[in-house]
Amino acid sequence: MIRILVVEKEGRTQALLRCELAADVKVKSVPCMEAAMEKLANHKFDLIVWNAPSDPAAPVSIDAQANQLSQRAVGTRTIVLTEPQQIAAGVFRADDFCIRERPISDEDLIALVENHLPLESSDRPTQPRPQEISLPIEFEG
């Protein structure tokens, strides 16, 4: 099961993702980054979606919170939705971080999340790939 943590005060994104994503995707929501850090202490998530403008502390310390989040959620993909001026300001960047301007439509948000979902959940044991069957190929003529 793929697990997503949405950090957003309103809970609108959580409701949208629950309706639009597959049944094997579990979506949890917290109102702010402080609550997200507490949740990450006890749970593992495959993707974090942080709507930074809805978080009261984000405009003051988006860089510091992004650094703290990357240390707490090692290996977890994170999408930070923010205002255009914060993107231009050169906010924190890392391999598992995607910092984007907030999507204007629900379809854009769903597409962004789907593009960042892992193929498999990190808590699911990986199954060995079946052996490939090699067939001799002969060409006549």
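This is a predicted model: local features need pLDDT of at least 70, side-chain atom pairs count only at pLDDT 80 or more; totals for chains, interfaces and linings use all residues.
Colleague: Which pattern does the chain follow along the sequence?
Modeller: The pattern is β-α-β-α-β-α-β-α-β-α, with 5 helices and 5 strands, where helices (H or I, at least four residues) and strands (E, at least two) are DSSP runs numbered from the N terminus.

Colleague: How many of the residues count as buried?
Modeller: Of the 141 residues of the chain, 40% count as buried; buried means under 20% relative accessible area, exposed over 50%, and partly exposed in between (1.4 Å probe, protein chains only).

Colleague: Which residues touch the most other members of the largest nonpolar core?
Modeller: They are L5, V7, L40 and L69, in a core of 19 residues, a core being a set of buried Ala, Val, Leu, Ile, Met, Phe, Trp, Tyr and Cys residues joined through side-chain atoms within 4.5 Å. Elements giving two or more residues to this core are β1 (2-7), α2 (33-42), β3 (47-51), α3 (58-72) and β5 (97-101), and α2 gives the most, with 5 residues. A second, separate core of 18 residues includes I2, L21, L109 and I110.

Colleague: Switching to α5, which of its residues are buried?
Modeller: L109, I110, L112, V113 and H116 are buried, and seen down the helix axis they fall within an arc of 160° (taken from the directions from the axis to the C-beta atoms), so they line one face of α5.

Colleague: And what do those buried residues pack against?
Modeller: They pack against β1, α1, β3, β4 (77-82) and β5, by contact, that is, heavy atoms within 4.5 Å, whereas the face of α5 turned away from its buried side carries the exposed residues E107 and N115.

Colleague: Last one, what lines the largest pocket?
Modeller: The lining is E8, E10, R12, T13, N51, L81, R102, P103, I104, S105, D106 and L109, and α1 (12-20) and α5 (106-116) each supply at least two of its residues. A pocket here is an open set of points on a 1 Å grid over the protein atoms alone, where a 1.4 Å probe fits, with protein on both sides within 12 Å along at least five of seven lines, and lining residues have an atom within 4 Å of a point.

Terms used:
Residues are numbered from 1 along each chain as its sequence is written. Side-chain values use heavy atoms; hydrogens and water are left out.
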